Amino acid sequence: SSAASDVYKRQIRGNAELLKETKLSDEQRSYVDFIEKNSTRISAYAHALMEVNQSIRTEELDIKRVRVPALAEEIGALAREIATAYGRPIEESIHTGDGFVSVDYKQLERGVQNLLMNAVHYAPEASAVELLISTGENTLEMTVGDYGPGFSDEDLKRASEPFYRGDKSRHSSTHYGLGLYTAKTVAEFHHGYLKIKNRSSGKGAMVTLILPLEPIA
């Protein structure tokens, strides 16, 4: 909870202050200063992770069976809104068959929104964001692509871990590295999964949220 997060922050700061009252070398004092200054950031990280985990609980999901074409249009509208808000062109391709998926739309929207914001965050300024929605034999696939530097080999292994930010985002103290982790969590609560790869051209990343299709009958 946020209360627990605040307790941890106070404990860290309190212990750091006590250490500063002892005899320390210059190097040791610099370490204590670092701990004290970063206690707020550590608390914010913990709070952010707890918010993600607490906001997506199985018992709280409002699952509804919806037709794929209607859902795809709603996701397309969400993507257009975000692209417009950030001044990004959007390349959109929606080709789905009929069928159903069982989803909590609010949570699914949150997952896709995180993919879109991740693309905006890493793509070059004013470059396009791509949205691809399609159905396979048993799956609904929603892909968000960008034309940025793409994923490194380490990113491909770790990008959906909580708090993993990669070298490209370390300049940002407010980007907690929870976007892909949140999308992965949303997918898994819907019995789906997240697929992360680079474009075949090598220029840009592609992240796909995959959900199971249900029979029409």
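Which glycine, with a positive phi, follows α3? Glycine 87 does, and its phi is near 65°. The model described here is predicted.

## Helix α3

Helix α3 covers residues 68–85, 18 residues in total. From first C-alpha to last, α3 reaches 26 Å, close to the 26 Å expected at 1.5 Å a residue. Its buried residues are Val68, Leu71, Ala72, Ile75, Gly76, Leu78, Ala79, Ile82 and Ala83. Seen down the axis of α3, these buried residues fall within an arc of 160°, so they line one face of the helix.

An α-helix has 3.6 residues a turn, so residues three or four places apart point the same way. On the other side of α3, Glu81, Thr84 and Ala85 are exposed. The buried residues of α3 pack against several elements, including β1 (64–67), β3 (100–103) and α4.

## The sheet

Five strands form an open sheet in the order β2-β4-β5-β7-β6, with mixed pairing. The edge strands are β2 and β6 (193–198); each has a single partner strand, so one side of each is left without a neighbour in the sheet. The twist averages 15° from one strand to the next.

β2 and β4 pair in the parallel sense, over six bridges. Glutamate 91 has glutamate 130 in β4 as its bridge partner.

## Helices on the sheet

α3 lies across β2, β4 and β5 and runs at about 180° to β2. Helix α6 (residues 179–189) also packs on the sheet, touching β6 and β7 (205–212). The direction of α6 makes about 140° with that of β6.

## Helix α4

Helix α4 spans residues 105–122. Aspartate 104 caps its N-terminal end: a side-chain oxygen lies 3.0 Å from the backbone nitrogen of lysine 106. Among the buried residues of α4 are Leu108, Val112, Leu115 and Tyr122.

Terms used. Residues are numbered from 1 along each chain as its sequence is written. This is a predicted model: local features need pLDDT of at least 70, side-chain atom pairs count only at pLDDT 80 or more; totals for chains, interfaces and linings use all residues. Side-chain values use heavy atoms; hydrogens and water are left out. Helices (H or I, at least four residues) and strands (E, at least two) are DSSP runs, numbered from the N terminus. The expected span of a helix is 1.5 Å times one less than its number of residues. Buried means under 20% relative accessible area, exposed over 50%, partly exposed in between (1.4 Å probe, protein chains only). A polar contact is a pair of N or O atoms within 3.5 Å; within protein, one must be able to donate a hydrogen and the other to accept it, and residues adjacent in sequence count only if both atoms are side-chain atoms. The arc is that of the directions from the helix axis to the C-beta atoms. Contact means heavy atoms within 4.5 Å. Two strands pair if DSSP finds at least two bridges between them. Axes are lines fitted to C-alpha atoms, for helices over the stretch in contact, and angles run from 0 to 180 degrees between N-to-C directions.
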